[in-house]
Amino acid sequence: MAGEEGLATKSQRAYERVREMVLSGELAPGSVLNQAALAHRLGVSTTPLREALRLLKQQGLVELDAHRDARVTPLDAAEARDLLELRQSLDPLAAGLAAQRRTVEDLERMRAALASLSALRADASAAQLAGHRTFHAAVYRASHNAVLVEALDGLWDKTDRYRRHALAAGRSEEEVEQRAEEHRALLAAVSDRDAEAAAAIMRAHVETSLGARSADRLAHEQGRGHRPPEPHRDRQVAGGGRR
């Protein structure tokens with residue numbers, strides 16, 4: 001029994017570390033994984049690593065074949081589009097519900113997360129990306145809809161690699177300030193219990209997000225065409241200044 005528990009703990013640790021390496025880009029999309037070398041690097045045997053890779057395969061982050069070869073799942077234009085389409089529906093829904101249901105404690109968490117945000121540029125650190133996730137998570141957790149929160153947590157996990165793909169192309173100072181203004185406007189709308197404005201701001205935020213940019217880039221690179229241009233990209237954000 002103790003041996004089984006030890007193996008489970010090692011598998012969990014290996015899963016968490018490899019998942020972090022994949023999502024951060026430390027293990028690049030499409031790269032082949034030498035399981036013996038990776039296990040040595042993690043300080044485990046290949047048995048718990050193999051179990052970790054099976055879990056990552058279920059999440060679509062790793063590919064395994066019958067010959068025990070493994071590689072990081074490549075970035076894919078269709079997946080990027082699918083993730084974006086889901087976020088275009090679920091993120092605004094969560095923001096609108098947050099405006100209706102938020103508590104004083106929810107607002108405190110949102111304000112604290114917003115105060116600690118750093119602008120995301122091409123060399124953004126894992127901590128800076130995590131800070132943005134913390135802010136968005138504080139918003140959608142204020143929806144107090146457990147199923148919706150779970151779905152958005154999963155979408156955020158899958159989109160992280162696409163955010164890094166988009167960041168690699170760099171961002172203008174105007175875009176950086178635009179994102180910051182959207183965050184401020186979103187918090188104001190949730191604080192004011194303005195569900196319509198909160199949903200509209202979040203919808204605009206998603207449609208011009210790093211995930212959206214990655215979907216466009218990959219569609220072009222992989223020859224699958226572009227999404228139609230967003231007609232409202234030059235509009236003003238409801239509840240705030242120009243995006």
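Colleague: What pattern does the chain follow when it is read along the sequence?

Modeller: In this predicted model, the chain follows the pattern α-β-α-α-β-β-α-α-α-α-α-α-α. Its secondary structure comes to 10 helices and 3 strands.

Colleague: Why is H4 called roughly antiparallel to H9?

Modeller: The axes of H4 (residues 77-101) and H9 (residues 195-207) come within 8 Å and cross at roughly 155°. Angles over 145 degrees count as roughly antiparallel, and therefore H4 is roughly antiparallel to H9. The crossing in which H4 passes H9 is right-handed.

Colleague: Which residues in H4 and H9 meet?

Modeller: Leu-84, Arg-87, Gln-88, Asp-91, Pro-92, Ala-95, Gly-96, Ala-99 and Gln-100 are the residues in H4. In H9 they meet Ala-195, Ala-198, Ala-199, Met-202, Arg-203, Val-206 and Glu-207. By class, the residues of this contact of H4 with H9 divide into 9 nonpolar, 3 polar and 4 charged.

Colleague: What makes H2 roughly perpendicular to H3?

Modeller: H2 (residues 35-42) and H3 (residues 46-58) pack at an angle of about 105°, and their axes are 9 Å apart. The range for roughly perpendicular is 65 to 115 degrees, so H2 is roughly perpendicular to H3. Gln-35, Ala-36, Leu-38, Ala-39 and Leu-42 in H2 meet Thr-46, Leu-49, Arg-50 and Leu-53 in H3. The contact of H2 with H3 has 6 nonpolar, 2 polar and 1 charged residues.

Colleague: Which residues in the largest nonpolar core touch the most other members?

Modeller: That core has 39 residues, of which Met-110, Val-139, Leu-186, Val-190 and Ala-198 touch the most other members. At least two residues of this core are supplied by each of H4, H5 (104-115), H6 (126-141), H7 (146-167), H8 (173-191), H9 and H10 (210-221). H4 gives the most to this core, with 9 residues.

Colleague: With which residues is Ala-198 in contact, leaving aside its neighbours within four places in sequence?

Modeller: Ala-198 is in contact with Ala-95, Gly-96, Ala-99, Leu-186, Ala-189 and Val-190. A second, separate core of 20 residues includes Met-21, Leu-49, Leu-53 and Leu-61. Leu-49 and Leu-53 also belong to the residues in H3 that meet H2.

Colleague: How many of the residues of the chain count as buried?

Modeller: Of the 243 residues, 46% count as buried, the cut-off being under 20% relative accessible area.

Colleague: What share of contacts between residues at least 6 apart in sequence join residues at least 24 apart?

Modeller: Among such contacts in the chain, the share is 72%.

Definitions and conventions:
Residues numbered from 1 in each chain as written. Predicted model: local features only at pLDDT ≥ 70, side-chain atom pairs only at ≥ 80, totals over all residues. Heavy atoms only, no water. Axes fitted to C-alpha atoms, helices over the stretch in contact; angles between N-to-C directions. Helix = DSSP H or I, 4+ residues; strand = E, 2+ residues; numbered from the N terminus. Parallel < 35°, antiparallel > 145°, perpendicular 65-115°, else oblique. Left-handed = near helix turned anticlockwise from the far one by under 90°. Contact = heavy atoms within 4.5 Å. Nonpolar A, V, L, I, M, F, W, Y, C, P; charged D, E, K, R; others polar. Core = buried A, V, L, I, M, F, W, Y, C linked by side-chain atoms within 4.5 Å. Buried < 20%, exposed > 50% of the residue type's maximum accessible area, 1.4 Å probe, protein only.
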